[in-house]
Amino acid sequence: MKPLKHLPAWKDLEQHYKSMRDFDMRTAFREDTRRFEQLSLRCGNLLLDYSKNRVTTETMRHLMQLARESGLEDMRAAMCKGERINFTEKRAVLHVALRAPVRPPLMVEGVDVEREVAKVLQRMQHFVEAVHNGSWLGYTGKPIRDVVNIGIGGSDLGPAMVCAALDHYAVENLRVHFVSNLDPAHLATTLKSLDPETTLFIVASKTFTTLETLANANSAKAWLLAALRAPAAVARHFVALSTNVQAVEAFGIDPDNMFIFWDWVGGRYSLWSAIGLSIALQIGWGNFQALLAGAHAMDVHFKEAPLEANMPVILGMLGIWYANFWGTDTYGIFPYDQRLRLLVPFLQQLDMESNGKNVNRANKLVNYNTGPIVWGAPGTNGQHAFFELVHQGTRLIPTDFLAAAVNPTPLADQHEWLLANCLAQTEALLKGKSRAVIEAELITQGMTREAAKALAPHKVFPGNRPSNTLLYQKLDPHTLGMLIALYEHKVFVQGVIWQINSFDQWGVELGKQLAPPIRAALSSVRAIGEHDGSTLGLIADIRRRRGLST
(Lines give C-alpha, C1' and ligand atoms only; values in the text may rest on other atoms or scores of the structure.)
Protein backbone atom coordinates (compact mmCIF):
# COMPACT_ATOMS: atom_id res chain seq x y z
CA MET A 1 0.00 0.00 0.00
CA LYS A 2 1.52 3.27 -1.12
CA PRO A 3 1.39 6.05 1.51
CA LEU A 4 -1.53 8.39 0.86
CA LYS A 5 0.60 11.50 0.45
CA HIS A 6 2.77 9.71 -2.13
CA LEU A 7 -0.13 9.05 -4.49
CA PRO A 8 0.06 11.11 -7.71
CA ALA A 9 -3.54 12.27 -7.28
CA TRP A 10 -2.77 13.59 -3.78
CA LYS A 11 0.14 15.61 -5.16
CA ASP A 12 -2.08 16.90 -7.99
CA LEU A 13 -4.67 17.98 -5.43
CA GLU A 14 -2.03 19.81 -3.40
CA GLN A 15 -1.12 21.82 -6.51
CA HIS A 16 -4.76 22.30 -7.46
CA TYR A 17 -5.56 23.60 -3.97
CA LYS A 18 -2.98 26.36 -4.43
CA SER A 19 -4.90 27.56 -7.47
CA MET A 20 -8.21 27.34 -5.57
CA ARG A 21 -7.33 29.28 -2.42
CA ASP A 22 -8.89 32.45 -3.84
CA PHE A 23 -11.79 30.67 -5.53
CA ASP A 24 -15.07 32.52 -5.15
CA MET A 25 -18.27 30.54 -5.60
CA ARG A 26 -20.23 33.72 -6.30
CA THR A 27 -18.08 34.42 -9.34
CA ALA A 28 -18.37 30.80 -10.43
CA PHE A 29 -22.18 30.98 -10.40
CA ARG A 30 -22.15 34.24 -12.36
CA GLU A 31 -19.83 32.82 -14.99
CA ASP A 32 -21.47 29.41 -15.35
CA THR A 33 -25.25 29.29 -15.60
CA ARG A 34 -25.11 25.47 -15.64
CA ARG A 35 -23.14 25.09 -12.41
CA PHE A 36 -26.13 23.67 -10.51
CA GLU A 37 -26.88 21.11 -13.23
CA GLN A 38 -23.24 20.04 -13.40
CA LEU A 39 -22.77 19.82 -9.65
CA SER A 40 -25.94 18.12 -8.47
CA LEU A 41 -27.11 14.53 -8.53
CA ARG A 42 -30.31 12.54 -8.04
CA CYS A 43 -30.72 9.06 -6.59
CA GLY A 44 -34.31 7.91 -6.17
CA ASN A 45 -36.14 10.84 -4.65
CA LEU A 46 -32.94 12.27 -3.11
CA LEU A 47 -31.37 15.35 -4.67
CA LEU A 48 -27.82 16.25 -3.66
CA ASP A 49 -26.88 19.82 -4.56
CA TYR A 50 -23.14 20.23 -4.07
CA SER A 51 -22.76 23.27 -6.31
CA LYS A 52 -22.27 25.54 -3.27
CA ASN A 53 -18.78 24.14 -2.65
CA ARG A 54 -15.32 25.47 -3.34
CA VAL A 55 -14.90 23.09 -6.24
CA THR A 56 -14.81 23.06 -10.00
CA THR A 57 -15.29 20.17 -12.40
CA GLU A 58 -11.48 19.92 -12.38
CA THR A 59 -11.50 19.58 -8.58
CA MET A 60 -13.97 16.73 -8.84
CA ARG A 61 -11.83 14.99 -11.47
CA HIS A 62 -8.81 15.14 -9.18
CA LEU A 63 -10.86 13.84 -6.23
CA MET A 64 -12.22 10.91 -8.22
CA GLN A 65 -8.71 10.07 -9.38
CA LEU A 66 -7.62 10.01 -5.73
CA ALA A 67 -10.49 7.61 -5.01
CA ARG A 68 -9.33 5.31 -7.79
CA GLU A 69 -5.68 5.43 -6.80
CA SER A 70 -6.71 4.66 -3.21
CA GLY A 71 -8.36 1.43 -4.33
CA LEU A 72 -11.89 2.49 -3.40
CA GLU A 73 -13.52 0.32 -6.03
CA ASP A 74 -11.59 -2.77 -4.91
CA MET A 75 -12.33 -2.12 -1.23
CA ARG A 76 -16.01 -1.65 -2.02
CA ALA A 77 -16.07 -4.98 -3.84
CA ALA A 78 -14.20 -6.67 -0.98
CA MET A 79 -16.76 -5.43 1.55
CA CYS A 80 -19.69 -6.65 -0.54
CA LYS A 81 -18.09 -10.08 -1.03
CA GLY A 82 -17.64 -10.59 2.70
CA GLU A 83 -13.85 -10.31 2.87
CA ARG A 84 -12.36 -9.52 6.29
CA ILE A 85 -11.79 -5.82 5.70
CA ASN A 86 -12.05 -5.26 9.49
CA PHE A 87 -8.53 -6.62 9.72
CA THR A 88 -7.79 -5.80 13.38
CA GLU A 89 -10.70 -7.99 14.50
CA LYS A 90 -10.47 -10.39 11.53
CA ARG A 91 -14.11 -9.83 10.63
CA ALA A 92 -16.17 -9.30 7.53
CA VAL A 93 -18.23 -6.11 7.28
CA LEU A 94 -21.63 -7.06 5.93
CA HIS A 95 -24.28 -4.63 7.10
CA VAL A 96 -25.27 -4.40 3.42
CA ALA A 97 -26.34 -8.07 3.63
CA LEU A 98 -28.82 -7.18 6.38
CA ARG A 99 -31.02 -5.30 3.93
CA ALA A 100 -30.41 -7.31 0.74
CA PRO A 101 -33.15 -9.51 -0.72
CA VAL A 102 -32.28 -13.21 -0.67
CA ARG A 103 -30.55 -13.90 -3.97
CA PRO A 104 -27.99 -16.51 -4.99
CA PRO A 105 -26.11 -17.39 -1.78
CA LEU A 106 -23.53 -15.03 -0.31
CA MET A 107 -21.19 -17.54 1.28
CA VAL A 108 -18.86 -16.30 4.03
CA GLU A 109 -16.70 -18.99 5.64
CA GLY A 110 -19.19 -21.66 4.65
CA VAL A 111 -22.26 -19.79 5.89
CA ASP A 112 -25.00 -18.52 3.56
CA VAL A 113 -25.21 -15.07 5.12
CA GLU A 114 -28.33 -13.85 3.37
CA ARG A 115 -30.36 -16.93 4.27
CA GLU A 116 -29.28 -16.65 7.91
CA VAL A 117 -30.40 -13.02 7.86
CA ALA A 118 -33.72 -14.05 6.33
CA LYS A 119 -34.32 -16.56 9.15
CA VAL A 120 -33.81 -13.93 11.83
CA LEU A 121 -36.01 -11.45 9.98
CA GLN A 122 -38.76 -14.07 9.80
CA ARG A 123 -38.56 -14.68 13.56
CA MET A 124 -38.64 -10.94 14.15
CA GLN A 125 -41.71 -10.60 11.94
CA HIS A 126 -43.59 -13.31 13.84
CA PHE A 127 -42.74 -11.68 17.16
CA VAL A 128 -43.71 -8.18 16.02
CA GLU A 129 -47.01 -9.39 14.65
CA ALA A 130 -47.73 -11.35 17.85
CA VAL A 131 -47.23 -8.22 19.97
CA HIS A 132 -49.36 -6.13 17.61
CA ASN A 133 -52.25 -8.60 17.33
CA GLY A 134 -52.31 -9.31 21.05
CA SER A 135 -51.28 -12.95 20.93
CA TRP A 136 -48.13 -12.09 22.90
CA LEU A 137 -49.37 -11.18 26.37
CA GLY A 138 -47.67 -10.18 29.58
CA TYR A 139 -47.49 -12.50 32.58
CA THR A 140 -50.91 -11.43 33.91
CA GLY A 141 -52.59 -11.82 30.53
CA LYS A 142 -52.60 -8.16 29.50
CA PRO A 143 -51.40 -6.93 26.07
CA ILE A 144 -48.15 -5.04 25.72
CA ARG A 145 -48.58 -1.26 25.61
CA ASP A 146 -45.00 -0.05 26.21
CA VAL A 147 -41.67 -1.32 24.93
CA VAL A 148 -38.39 -0.26 26.56
CA ASN A 149 -35.21 -0.80 24.54
CA ILE A 150 -32.23 -1.13 26.87
CA GLY A 151 -28.91 -0.74 25.07
CA ILE A 152 -26.10 1.72 24.51
CA GLY A 153 -24.11 3.01 21.55
CA GLY A 154 -25.27 1.44 18.32
CA SER A 155 -27.86 -0.62 20.18
CA ASP A 156 -29.53 2.63 21.19
CA LEU A 157 -28.58 5.52 18.89
CA GLY A 158 -29.70 3.93 15.61
CA PRO A 159 -33.06 2.54 16.74
CA ALA A 160 -33.84 5.66 18.79
CA MET A 161 -33.07 7.91 15.83
CA VAL A 162 -35.25 5.90 13.44
CA CYS A 163 -38.14 5.69 15.88
CA ALA A 164 -38.06 9.46 16.38
CA ALA A 165 -37.82 10.05 12.64
CA LEU A 166 -40.74 7.76 11.82
CA ASP A 167 -43.00 8.44 14.78
CA HIS A 168 -45.74 9.46 12.33
CA TYR A 169 -45.80 5.79 11.22
CA ALA A 170 -46.17 4.45 14.76
CA VAL A 171 -48.76 1.75 15.32
CA GLU A 172 -51.62 2.54 17.69
CA ASN A 173 -51.61 1.58 21.36
CA LEU A 174 -47.88 0.94 21.58
CA ARG A 175 -45.15 3.31 22.77
CA VAL A 176 -41.43 2.66 22.42
CA HIS A 177 -38.91 4.09 24.88
CA PHE A 178 -35.12 4.02 24.98
CA VAL A 179 -32.83 3.73 28.00
CA SER A 180 -29.06 3.84 27.58
CA ASN A 181 -27.39 5.96 30.25
CA LEU A 182 -25.87 4.32 33.32
CA ASP A 183 -27.18 7.32 35.26
CA PRO A 184 -30.13 5.79 37.19
CA ALA A 185 -32.21 8.86 36.41
CA HIS A 186 -32.62 7.67 32.82
CA LEU A 187 -34.26 4.37 33.72
CA ALA A 188 -36.14 5.71 36.74
CA THR A 189 -37.69 8.55 34.74
CA THR A 190 -38.72 6.16 31.97
CA LEU A 191 -40.30 3.60 34.33
CA LYS A 192 -42.19 6.24 36.30
CA SER A 193 -45.14 6.33 33.89
CA LEU A 194 -45.17 2.63 32.91
CA ASP A 195 -47.25 -0.31 34.08
CA PRO A 196 -45.20 -3.47 34.76
CA GLU A 197 -48.07 -5.68 33.57
CA THR A 198 -48.04 -4.14 30.09
CA THR A 199 -44.33 -3.37 29.60
CA LEU A 200 -41.91 -5.34 27.46
CA PHE A 201 -38.14 -4.89 27.77
CA ILE A 202 -35.71 -5.47 24.91
CA VAL A 203 -32.17 -6.03 26.21
CA ALA A 204 -29.74 -5.32 23.38
CA SER A 205 -26.20 -6.55 24.00
CA LYS A 206 -24.24 -8.82 21.66
CA THR A 207 -22.21 -10.35 24.49
CA PHE A 208 -24.81 -9.76 27.22
CA THR A 209 -21.98 -8.37 29.35
CA THR A 210 -22.11 -4.62 28.53
CA LEU A 211 -21.89 -2.82 31.88
CA GLU A 212 -24.41 -0.04 31.22
CA THR A 213 -26.94 -2.32 29.52
CA LEU A 214 -26.79 -5.08 32.14
CA ALA A 215 -27.02 -2.61 35.02
CA ASN A 216 -30.18 -1.09 33.55
CA ALA A 217 -31.58 -4.52 32.65
CA ASN A 218 -31.09 -5.84 36.19
CA SER A 219 -32.73 -2.74 37.67
CA ALA A 220 -35.63 -3.12 35.23
CA LYS A 221 -35.99 -6.78 36.23
CA ALA A 222 -36.05 -5.81 39.92
CA TRP A 223 -38.76 -3.22 39.15
CA LEU A 224 -40.83 -5.84 37.33
CA LEU A 225 -40.45 -8.51 40.02
CA ALA A 226 -41.27 -6.07 42.80
CA ALA A 227 -44.66 -5.57 41.14
CA LEU A 228 -45.45 -9.04 39.75
CA ARG A 229 -43.67 -11.12 42.43
CA ALA A 230 -43.05 -14.11 40.17
CA PRO A 231 -39.68 -15.00 38.58
CA ALA A 232 -41.57 -16.62 35.70
CA ALA A 233 -42.81 -13.14 34.71
CA VAL A 234 -39.36 -12.26 33.36
CA ALA A 235 -39.80 -14.62 30.40
CA ARG A 236 -43.00 -12.79 29.33
CA HIS A 237 -41.63 -9.28 29.75
CA PHE A 238 -38.02 -9.55 28.53
CA VAL A 239 -36.52 -10.50 25.19
CA ALA A 240 -32.84 -10.38 24.23
CA LEU A 241 -30.88 -9.26 21.20
CA SER A 242 -27.66 -11.17 21.77
CA THR A 243 -25.44 -14.12 20.92
CA ASN A 244 -24.76 -15.30 24.49
CA VAL A 245 -27.39 -17.98 25.12
CA GLN A 246 -26.03 -18.92 28.55
CA ALA A 247 -26.10 -15.39 29.93
CA VAL A 248 -29.51 -14.70 28.45
CA GLU A 249 -30.96 -17.85 30.02
CA ALA A 250 -29.31 -17.10 33.38
CA PHE A 251 -31.00 -13.69 33.34
CA GLY A 252 -34.38 -15.42 33.04
CA ILE A 253 -35.10 -14.82 29.35
CA ASP A 254 -36.39 -17.76 27.34
CA PRO A 255 -33.72 -18.55 24.68
CA ASP A 256 -36.58 -18.87 22.19
CA ASN A 257 -37.03 -15.12 22.67
CA MET A 258 -33.42 -14.31 21.88
CA PHE A 259 -32.78 -12.80 18.47
CA ILE A 260 -29.24 -13.20 17.22
CA PHE A 261 -26.94 -11.08 15.11
CA TRP A 262 -23.40 -11.71 13.99
CA ASP A 263 -19.87 -10.51 14.64
CA TRP A 264 -19.81 -8.95 11.16
CA VAL A 265 -22.51 -6.51 12.31
CA GLY A 266 -20.82 -3.52 13.90
CA GLY A 267 -22.88 -1.76 16.56
CA ARG A 268 -23.17 1.51 14.67
CA TYR A 269 -24.30 -0.41 11.57
CA SER A 270 -26.73 -2.70 13.40
CA LEU A 271 -30.16 -1.05 13.24
CA TRP A 272 -30.91 -3.18 10.16
CA SER A 273 -30.43 -6.38 12.19
CA ALA A 274 -32.24 -7.79 15.22
CA ILE A 275 -31.19 -4.55 16.94
CA GLY A 276 -33.98 -2.98 14.89
CA LEU A 277 -36.65 -4.98 16.73
CA SER A 278 -37.81 -1.85 18.58
CA ILE A 279 -38.14 -0.05 15.22
CA ALA A 280 -40.29 -2.83 13.78
CA LEU A 281 -42.46 -2.83 16.91
CA GLN A 282 -43.04 0.89 16.60
CA ILE A 283 -43.68 1.26 12.85
CA GLY A 284 -44.89 -2.22 11.89
CA TRP A 285 -43.25 -4.92 9.83
CA GLY A 286 -44.19 -3.54 6.42
CA ASN A 287 -42.62 -0.18 7.20
CA PHE A 288 -39.51 -1.85 8.64
CA GLN A 289 -39.16 -3.72 5.34
CA ALA A 290 -39.49 -0.40 3.49
CA LEU A 291 -36.65 1.01 5.62
CA LEU A 292 -34.46 -1.96 4.63
CA ALA A 293 -35.47 -1.56 0.98
CA GLY A 294 -34.46 2.11 1.00
CA ALA A 295 -31.03 1.24 2.38
CA HIS A 296 -30.68 -1.53 -0.21
CA ALA A 297 -31.51 0.92 -3.01
CA MET A 298 -28.63 3.14 -1.85
CA ASP A 299 -26.39 0.05 -1.58
CA VAL A 300 -27.09 -0.77 -5.22
CA HIS A 301 -26.40 2.83 -6.25
CA PHE A 302 -23.13 2.88 -4.29
CA LYS A 303 -22.03 -0.44 -5.76
CA GLU A 304 -22.98 0.22 -9.38
CA ALA A 305 -22.88 3.96 -10.12
CA PRO A 306 -19.68 5.41 -11.62
CA LEU A 307 -17.63 7.30 -9.05
CA GLU A 308 -18.37 10.62 -10.75
CA ALA A 309 -22.12 10.04 -10.34
CA ASN A 310 -22.04 8.22 -7.02
CA MET A 311 -23.68 10.12 -4.16
CA PRO A 312 -21.77 8.57 -1.22
CA VAL A 313 -18.50 8.91 -3.13
CA ILE A 314 -19.13 12.58 -3.91
CA LEU A 315 -20.04 13.39 -0.30
CA GLY A 316 -17.05 11.45 0.99
CA MET A 317 -14.54 13.03 -1.38
CA LEU A 318 -15.83 16.54 -0.66
CA GLY A 319 -15.11 15.79 3.00
CA ILE A 320 -11.57 14.74 2.06
CA TRP A 321 -11.13 17.98 0.09
CA TYR A 322 -11.99 20.15 3.08
CA ALA A 323 -10.40 18.10 5.87
CA ASN A 324 -7.09 17.42 4.15
CA PHE A 325 -6.54 20.37 1.85
CA TRP A 326 -8.48 23.26 3.38
CA GLY A 327 -7.62 22.17 6.92
CA THR A 328 -11.15 22.06 8.32
CA ASP A 329 -11.63 20.20 11.61
CA THR A 330 -15.41 20.11 11.95
CA TYR A 331 -18.44 19.23 9.86
CA GLY A 332 -21.93 20.61 10.53
CA ILE A 333 -25.16 18.72 9.83
CA PHE A 334 -28.41 20.66 9.93
CA PRO A 335 -31.64 18.74 9.24
CA TYR A 336 -34.52 21.13 8.68
CA ASP A 337 -36.79 18.34 9.79
CA GLN A 338 -37.68 18.01 13.47
CA ARG A 339 -38.18 14.29 13.08
CA LEU A 340 -34.46 14.01 12.34
CA ARG A 341 -33.59 15.60 15.68
CA LEU A 342 -31.55 12.53 16.69
CA LEU A 343 -29.74 12.22 13.36
CA VAL A 344 -26.72 14.21 14.52
CA PRO A 345 -26.01 12.05 17.62
CA PHE A 346 -26.38 8.97 15.42
CA LEU A 347 -23.99 10.35 12.80
CA GLN A 348 -21.53 11.41 15.49
CA GLN A 349 -21.08 7.78 16.45
CA LEU A 350 -21.17 6.54 12.85
CA ASP A 351 -18.51 8.99 11.71
CA MET A 352 -16.28 9.63 14.71
CA GLU A 353 -16.21 6.07 16.06
CA SER A 354 -15.51 4.78 12.56
CA ASN A 355 -12.89 7.24 11.37
CA GLY A 356 -11.43 8.70 14.55
CA LYS A 357 -8.23 6.72 13.99
CA ASN A 358 -4.53 7.60 13.83
CA VAL A 359 -3.02 4.32 12.57
CA ASN A 360 -3.33 3.14 8.98
CA ARG A 361 -3.70 -0.29 7.42
CA ALA A 362 0.09 -0.60 7.32
CA ASN A 363 0.09 -0.22 11.14
CA LYS A 364 1.79 3.16 10.95
CA LEU A 365 0.78 6.53 12.38
CA VAL A 366 -0.90 8.73 9.81
CA ASN A 367 0.45 12.20 9.02
CA TYR A 368 -2.82 13.81 7.96
CA ASN A 369 -6.22 14.57 9.47
CA THR A 370 -8.76 11.77 9.67
CA GLY A 371 -12.32 11.85 11.04
CA PRO A 372 -13.80 15.33 11.50
CA ILE A 373 -15.70 16.50 14.57
CA VAL A 374 -19.37 16.06 13.67
CA TRP A 375 -21.92 18.42 15.20
CA GLY A 376 -25.18 20.18 14.47
CA ALA A 377 -28.84 20.46 15.39
CA PRO A 378 -32.21 20.73 13.68
CA GLY A 379 -33.04 23.97 11.90
CA THR A 380 -34.37 26.45 12.76
CA ASN A 381 -33.11 25.89 16.33
CA GLY A 382 -29.51 25.97 15.19
CA GLN A 383 -30.00 29.38 13.61
CA HIS A 384 -30.70 30.78 17.07
CA ALA A 385 -27.81 28.93 18.70
CA PHE A 386 -24.59 28.60 16.71
CA PHE A 387 -25.07 29.84 13.16
CA GLU A 388 -23.18 32.98 14.15
CA LEU A 389 -20.05 30.83 14.18
CA VAL A 390 -20.83 29.26 10.80
CA HIS A 391 -21.48 32.64 9.14
CA GLN A 392 -19.07 35.01 10.85
CA GLY A 393 -16.60 32.87 12.76
CA THR A 394 -12.94 32.45 11.88
CA ARG A 395 -13.26 28.77 10.99
CA LEU A 396 -14.30 27.31 7.66
CA ILE A 397 -17.06 24.79 8.41
CA PRO A 398 -18.43 22.54 5.64
CA THR A 399 -22.11 21.82 6.20
CA ASP A 400 -24.94 19.54 5.11
CA PHE A 401 -28.53 20.81 5.06
CA LEU A 402 -31.37 18.28 4.82
CA ALA A 403 -35.01 19.09 4.10
CA ALA A 404 -38.27 17.48 2.94
CA ALA A 405 -40.33 19.09 0.20
CA VAL A 406 -43.51 17.81 1.86
CA ASN A 407 -44.29 17.71 5.59
CA PRO A 408 -46.80 15.05 6.76
CA THR A 409 -48.00 17.35 9.55
CA PRO A 410 -48.65 20.72 7.89
CA LEU A 411 -49.67 23.63 10.12
CA ALA A 412 -50.67 26.80 8.28
CA ASP A 413 -47.61 27.94 6.32
CA GLN A 414 -45.01 26.77 8.84
CA HIS A 415 -43.39 24.24 6.50
CA GLU A 416 -43.04 26.90 3.81
CA TRP A 417 -41.19 29.07 6.30
CA LEU A 418 -39.05 26.11 7.37
CA LEU A 419 -37.99 25.44 3.78
CA ALA A 420 -37.45 29.14 3.14
CA ASN A 421 -35.14 29.34 6.15
CA CYS A 422 -33.18 26.27 5.02
CA LEU A 423 -32.58 27.62 1.53
CA ALA A 424 -31.93 31.13 2.85
CA GLN A 425 -29.17 29.87 5.14
CA THR A 426 -27.34 28.11 2.31
CA GLU A 427 -27.75 31.19 0.13
CA ALA A 428 -26.46 33.45 2.91
CA LEU A 429 -23.44 31.20 3.42
CA LEU A 430 -22.74 31.48 -0.29
CA LYS A 431 -23.48 35.15 -0.94
CA GLY A 432 -22.51 36.85 2.30
CA LYS A 433 -22.94 40.61 2.61
CA SER A 434 -20.23 43.19 2.02
CA ARG A 435 -19.21 46.12 4.19
CA ALA A 436 -20.07 48.62 1.44
CA VAL A 437 -23.62 47.31 1.12
CA ILE A 438 -24.12 47.35 4.88
CA GLU A 439 -22.81 50.90 5.24
CA ALA A 440 -25.17 52.09 2.49
CA GLU A 441 -28.12 50.36 4.17
CA LEU A 442 -27.32 51.90 7.56
CA ILE A 443 -27.04 55.40 6.10
CA THR A 444 -30.34 54.92 4.27
CA GLN A 445 -31.88 53.97 7.61
CA GLY A 446 -30.79 57.35 9.03
CA MET A 447 -27.44 56.55 10.64
CA THR A 448 -24.59 59.03 10.25
CA ARG A 449 -21.74 58.05 7.94
CA GLU A 450 -19.30 57.86 10.87
CA ALA A 451 -21.63 55.64 12.91
CA ALA A 452 -22.30 53.44 9.88
CA LYS A 453 -18.57 52.98 9.27
CA ALA A 454 -18.08 51.97 12.91
CA LEU A 455 -20.96 49.47 12.99
CA ALA A 456 -20.66 47.95 9.52
CA PRO A 457 -17.66 45.65 10.19
CA HIS A 458 -19.65 43.83 12.85
CA LYS A 459 -22.45 43.08 10.38
CA VAL A 460 -20.32 41.80 7.50
CA PHE A 461 -21.00 38.25 6.25
CA PRO A 462 -17.87 37.00 4.43
CA GLY A 463 -19.84 34.48 2.37
CA ASN A 464 -18.17 31.93 0.07
CA ARG A 465 -18.77 29.29 2.74
CA PRO A 466 -19.50 25.75 1.55
CA SER A 467 -22.66 23.70 1.98
CA ASN A 468 -24.38 20.64 0.55
CA THR A 469 -28.16 20.42 0.37
CA LEU A 470 -30.02 17.10 0.45
CA LEU A 471 -33.67 17.39 -0.58
CA TYR A 472 -36.20 14.56 -0.46
CA GLN A 473 -39.92 14.31 -1.09
CA LYS A 474 -41.00 13.41 2.43
CA LEU A 475 -39.54 11.52 5.36
CA ASP A 476 -40.90 8.01 4.90
CA PRO A 477 -39.25 4.68 5.77
CA HIS A 478 -37.78 4.12 2.31
CA THR A 479 -36.28 7.62 2.16
CA LEU A 480 -34.86 7.37 5.67
CA GLY A 481 -33.24 4.05 4.77
CA MET A 482 -31.59 5.70 1.77
CA LEU A 483 -30.33 8.63 3.85
CA ILE A 484 -28.79 6.44 6.56
CA ALA A 485 -27.09 4.17 4.02
CA LEU A 486 -25.82 7.25 2.17
CA TYR A 487 -23.95 8.42 5.26
CA GLU A 488 -22.74 4.89 6.07
CA HIS A 489 -21.11 4.61 2.66
CA LYS A 490 -19.76 8.16 2.81
CA VAL A 491 -17.92 7.22 6.02
CA PHE A 492 -16.62 4.05 4.33
CA VAL A 493 -15.30 6.07 1.39
CA GLN A 494 -13.37 8.40 3.65
CA GLY A 495 -11.93 5.53 5.69
CA VAL A 496 -10.62 3.93 2.51
CA ILE A 497 -8.97 7.16 1.37
CA TRP A 498 -7.39 7.68 4.81
CA GLN A 499 -6.21 4.04 4.74
CA ILE A 500 -7.67 3.28 8.17
CA ASN A 501 -9.98 0.61 9.58
CA SER A 502 -13.43 2.19 9.89
CA PHE A 503 -14.91 -0.88 11.57
CA ASP A 504 -13.12 -1.34 14.88
CA GLN A 505 -13.37 0.90 17.95
CA TRP A 506 -10.47 0.19 20.26
CA GLY A 507 -10.53 3.80 21.43
CA VAL A 508 -13.51 3.15 23.70
CA GLU A 509 -11.81 0.31 25.61
CA LEU A 510 -9.25 1.96 27.90
CA GLY A 511 -11.77 3.97 29.90
CA LYS A 512 -13.83 0.81 30.41
CA GLN A 513 -10.77 -1.01 31.74
CA LEU A 514 -9.92 1.77 34.18
CA ALA A 515 -13.47 2.14 35.53
CA PRO A 516 -13.71 -1.00 37.77
CA PRO A 517 -10.75 -0.16 40.07
CA ILE A 518 -11.99 3.42 40.36
CA ARG A 519 -15.47 2.10 41.18
CA ALA A 520 -13.95 -0.01 43.97
CA ALA A 521 -11.93 2.95 45.27
CA LEU A 522 -15.05 5.08 45.57
CA SER A 523 -16.43 2.76 48.27
CA SER A 524 -13.37 1.15 49.88
CA VAL A 525 -10.22 2.94 50.96
CA ARG A 526 -8.36 -0.38 50.77
CA ALA A 527 -9.08 -0.59 47.04
CA ILE A 528 -7.89 2.88 46.06
CA GLY A 529 -4.81 1.56 44.27
CA GLU A 530 -2.50 3.52 42.00
CA HIS A 531 -3.90 6.48 40.10
CA ASP A 532 -2.60 9.82 38.91
CA GLY A 533 -2.69 12.75 41.34
CA SER A 534 -5.77 14.31 39.77
CA THR A 535 -7.81 11.11 39.90
CA LEU A 536 -6.72 10.44 43.48
CA GLY A 537 -7.82 13.95 44.45
CA LEU A 538 -11.21 13.51 42.79
CA ILE A 539 -11.74 10.10 44.45
CA ALA A 540 -10.91 11.62 47.82
CA ASP A 541 -13.31 14.52 47.30
CA ILE A 542 -16.17 12.22 46.28
CA ARG A 543 -15.54 10.01 49.33
CA ARG A 544 -15.51 13.09 51.58
CA ARG A 545 -18.80 14.34 50.11
CA ARG A 546 -20.32 10.94 50.82
CA GLY A 547 -19.09 10.94 54.42
CA LEU A 548 -16.51 8.19 53.85
CA SER A 549 -13.02 8.17 55.36
CA THR A 550 -10.12 9.10 53.10
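Visitor: What makes Tyr368 count as buried or exposed?

Guide: Tyr368 has a relative accessible area of 12%. Buried means under 20%, exposed over 50%, and partly exposed in between, with a 1.4 Å probe and protein chains only. Tyr368 is therefore buried. A word on the source: this is a predicted model, where local features need pLDDT of at least 70, side-chain atom pairs count only at pLDDT 80 or more, and totals for chains, interfaces and linings use all residues. Residues are numbered from 1 along each chain as its sequence is written, and side-chain values use heavy atoms, without hydrogens and water.

Visitor: Why is the aromatic pair of Trp10 and Tyr368 called tilted?

Guide: The centres are 6.2 Å apart, and the planes make 50 degrees. Rings of Phe, Tyr and Trp (its six-membered ring) pair if their centres lie within 6.5 Å; planes under 30 degrees apart are stacked, over 60 edge-to-face, and the rest tilted. So 50 degrees gives a tilted pair.

Visitor: Which parts does the pair of Trp10 and Tyr368 tie together?

Guide: Trp10 sits in helix H1 (residues 8-20). Tyr368 sits in the loop between helix H15 (343-355) and strand E11 (373-376). The pair therefore ties together parts that are 358 residues apart in sequence. Helices (H or I, at least four residues) and strands (E, at least two) are DSSP runs, numbered from the N terminus. Trp10 has 2% relative accessibility, so Trp10 is buried.

Visitor: What makes Trp321 and Phe325 a tilted pair?

Guide: Their centres are 5.7 Å apart, with 35 degrees between the planes. Both residues lie in helix H14, 4 residues apart, about one turn of the helix. Trp321 has a relative accessible area of 0%, so Trp321 is buried. Phe325, at 9%, is buried too. Ring pairs link Trp10, Tyr17, Trp321, Phe325, Trp326 and Tyr368 into a cluster.

Visitor: Why are H14 and H20 called oblique?

Guide: The axes of H14 (residues 311-326) and H20 (residues 477-498) come within 8 Å and cross at roughly 50 degrees. Axes are lines fitted to C-alpha atoms, for helices over the stretch in contact, and angles run from 0 to 180 degrees between N-to-C directions. Under 35 degrees is roughly parallel, over 145 roughly antiparallel, 65 to 115 roughly perpendicular, and the rest oblique. H14 and H20 are therefore oblique to each other.

Visitor: How do you know whether Thr213 is buried or exposed?

Guide: Thr213 lies in helix H9 (residues 211-228). Its relative accessible area is 1%, so Thr213 is buried. Among the residues that Thr213 touches (heavy atoms within 4.5 Å) are Ile150, Val203 and Ser205.

Notes:
Lists of a residue's contacts leave out its neighbours within four places in sequence.
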